[in-house]
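Got a model on screen and wondering where the labels come from? Let's go through them one at a time and check each against its cut-off.

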Amino acid sequence: MDKRISDAAELLRQASSMLLSVDPGTSSSPALVRSPEAESERPTVRPQGRSVNETLARARSMMQSSRTTGVFRRLSSSERLRATSGPKEKKSKTASSTGSKDKPFEFALLACGDVDSDEPDDSLKKDMILDRGIVSLNEKDNEAAIREKLVSSLKGKYGMIGQNDFEFIKVNQKKISVLHLSKGTEYNYDVVKKLVGQGLLYVRIRRGYEFVIEQTSDSGSDFVMTYPAAENDAKTEAHLSEDENMPQSGLADELPVAAQPPISVDLSQQPGSSTNIESPHTFFDTVVNEFPSNITEPTEILRYLQMKIVRGRPLEVTDPSTDLQGETNFITVDRENILQTTFEELKSVDDPRVTFEVQFYAEQAVDSGGPRREWMRLCNQQIKIKYFDNGINLSEDYFYVGQMISIALLQNGQLPVYIPEDILQAIFVGKCEQLSPCIMELKRGMDTLGIPAFGRKFPQLLYLLRPSAIAKLSVRRLLFLLKPAFSEEGSNALSREKAVYTKFVKYTREVSSGRRVVTLENILEFATGASEEPPLGFTRSPNIQFIEVDNKELTTTENESNQVSEEVQQLNEKKKMWYFTPTAHTCPNTLQLPTESMVLPLPSEEDLFQLYDMAFKNTHFGIR
């Protein structure tokens, strides 16, 4: 090692001597200009016949030779950069840490994807990007501050957007994912910075909040609907509500000349008269003004409104052993003519806020919630077909249609998700003076329970009036709702109950695959009176109870069959299958499945499933 160092030193000494031997006059560099004293100290060794280029080339060769032996190594580019700029970077970092500054972030607002699908898209598509912008965030910003800044950037174009209407997402190689934060963690500046990385800050409209982007800040465009001319050419003025937001007359004058139909509607005895329904605007204004600001979810808004608006007897039974007490609106309706009989009954209702108690013609059932749910479900089905599927018509019934929509929404009924989007926007967003007569009547009917006032103030409520609010019923969801009440472990009944429940599960899978004549909704309707889970859930959880076939009655039948002919015995055997017909109590949401007994075993699988088909297709309370 010492020898190598000595060789390197000698080579460097020789290279230095050669460089110093170059004539100072050949270079303009001040470094080569020597003082007289230095000239006197210059070595006397001087190569002969060598040019400057040759001397430099020899020096480079010696340096290269030294580097290959490991004694000498040049600094890499990163090492040279660190050596020259390291102290300055450290000083800059120290200076920047003394205060917090705003940093600009580019963000993109995404749509939630296909509204007809059950889940949002998990891949980024070009048409999903609704808007882009720049927002300045501070190191001290928490999630609320960041959301507020994003909303302020979007308010100019999307006037209805709120701080809780979108979610933060991560996009990596066009794949969308939502981060799951631990308890106490929020999307503050540090988390957002980590989420963004070197890309954009992506936020996506929440599922069900699409309406906030469907209307821009100039959403007050005219809403005009045309109608065919009525047969009667006489024009009559509709007696409209005295609400300051509604015009008294002259609605047809707001339409274009070509769209003004001669409407003949006599509303003198219709709900527009003050003798039928007292205007409750003062009450609803109070509820709106006292609404808590911390409630933002649509279902929680509905729960609060139900608590404040609905009065009288409780809507649902919580304890089957006790009778419900309180004031009700008792009505009787015909299942086969549900809308006409319902609208006739509504004319005699003084206060639609009171809980409805429903009795179907010629059906024996005490309404503790089940028949009312059945009534609202049947009304919703027929209203959709008659008043919306084929477009708006000139029917005089739209006041009661609007009233039924509000009743179903507030009294745990099936969600009325059949209203077209343009009509929803006209009622809840557009200008009242631009509404057509039929839409005005629809709004007035809904006004009797204050729904338009709440929808305009809290647009999240509109989520419950859109088809995306309803989740498709699946086998998994149905079996989750209908929880079996098995006997205790080790009992003799437990094995029989599990045997019939196994058959029921297999039956639901056949129903789901389309191999039976019923649907999953029919099964839930049979047990609860509702074809879907209400938005606020069932007050009493649906359940399956197992009942053993009556041994005493079967024993009597068995003794009688010993005294009759063989044909009669075969007929009696077929009749015994009827003991396995399911029954239900829709008020406590109970489905009863018979189990085999010591006397009578379960029928064959096909016979049992046919009994189930017959029961679940039954559309009346009681056996017909």
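What follows is a set of questions and answers on a predicted model.

Q: What does the secondary structure of the protein chain come to, and how much of the chain is buried?
A: The protein chain has 21 helices and 11 strands. Of its 624 residues, 43% are buried. The chain exposes about 34,700 Å², with carbon and sulfur atoms supplying 49% of that.

Q: Why is threonine 528 called buried?
A: Buried means under 20% relative accessible area. Threonine 528 has a relative accessible area of 0%, so it counts as buried. Its place is in helix 18 (residues 520-528). Leaving aside neighbours within four places in sequence, threonine 528 touches Gly370, Arg373, Phe538, Pro542, Thr586 and Asn589.

Q: What makes the pair of leucine 524 and threonine 528 a polar contact?
A: The cut-off for a pair of N or O atoms is 3.5 Å. Here the backbone oxygen of leucine 524 lies 2.7 Å from a polar atom in the side chain of threonine 528, so the distance falls within the limit.

Q: Why is the link between arginine 335 and glutamate 374 called a salt bridge?
A: The rule asks for a side-chain nitrogen of Lys or Arg within 4 Å of a carboxyl oxygen of Asp or Glu. For arginine 335 and glutamate 374 the N to O distance is 2.6 Å, so the pair qualifies. Arginine 335 sits in the loop between strand 6 and helix 10, and glutamate 374 in helix 11 (residues 370-388), so the bridge ties together parts 39 residues apart in sequence.

Q: What about glutamate 421 and arginine 466: how do you know they form a salt bridge?
A: Their side chains meet at 2.6 Å, N to O, against a limit of 4 Å. The pair links distant parts of the chain, 45 residues apart: glutamate 421 is in helix 13 (residues 421-428), and arginine 466 is in the loop between helix 15 (451-457) and helix 16 (475-481). Glutamate 421 is partly exposed at 28% relative accessibility, whereas arginine 466 is buried at 5%.

Q: Which residues do salt bridges with shared partners join into one network?
A: That network is made of Arg335, Glu363, Glu374, Arg377 and Glu525. The structure holds 28 salt bridges.

Q: What makes strand 6 and strand 7 a pair?
A: Two strands pair if there are at least two bridges between them. Strand 6 (residues 329-333) and strand 7 are joined by five bridges and run parallel, so they meet the rule. Isoleucine 331 stands opposite valine 358 in strand 7. Strand 6, helix 10 (residues 338-346) and strand 7 make a right-handed β-α-β unit. Strand 7 (residues 356-360) is mostly covered, with four of its five residues buried.

Q: Why are strand 8 and strand 10 said to stand at the edges?
A: The open sheet has four strands in the order 8-9-11-10, with mixed pairing. Strand 8 (483-484) and strand 10 (583-585) each have a single partner strand, so one side of each is left without a neighbour in the sheet. Strand 9 (residues 543-548) and strand 11 (residues 590-595) run parallel, joined by six bridges.

Q: Why is glycine 402 called buried, and what is it in contact with?
A: Glycine 402 is at 0% relative accessibility, so it counts as buried. It belongs to helix 12 (residues 398-410). Neighbours within four places aside, glycine 402 is in contact with Leu442, Gly445 and Met446.

Methods. Residues numbered from 1 in each chain as written. Predicted model: local features only at pLDDT ≥ 70, side-chain atom pairs only at ≥ 80, totals over all residues. Heavy atoms only, no water. Buried < 20%, exposed > 50% of the residue type's maximum accessible area, 1.4 Å probe, protein only. Helix = DSSP H or I, 4+ residues; strand = E, 2+ residues; numbered from the N terminus. Right-handed = clockwise from strand over helix to strand, strands pointing away. Polar contact = N/O pair within 3.5 Å; in protein donor to acceptor, adjacent residues only side chain to side chain. Contact = heavy atoms within 4.5 Å. Areas by Shrake-Rupley, 256 points an atom, 1.4 Å probe, with all protein chains shown as cover.
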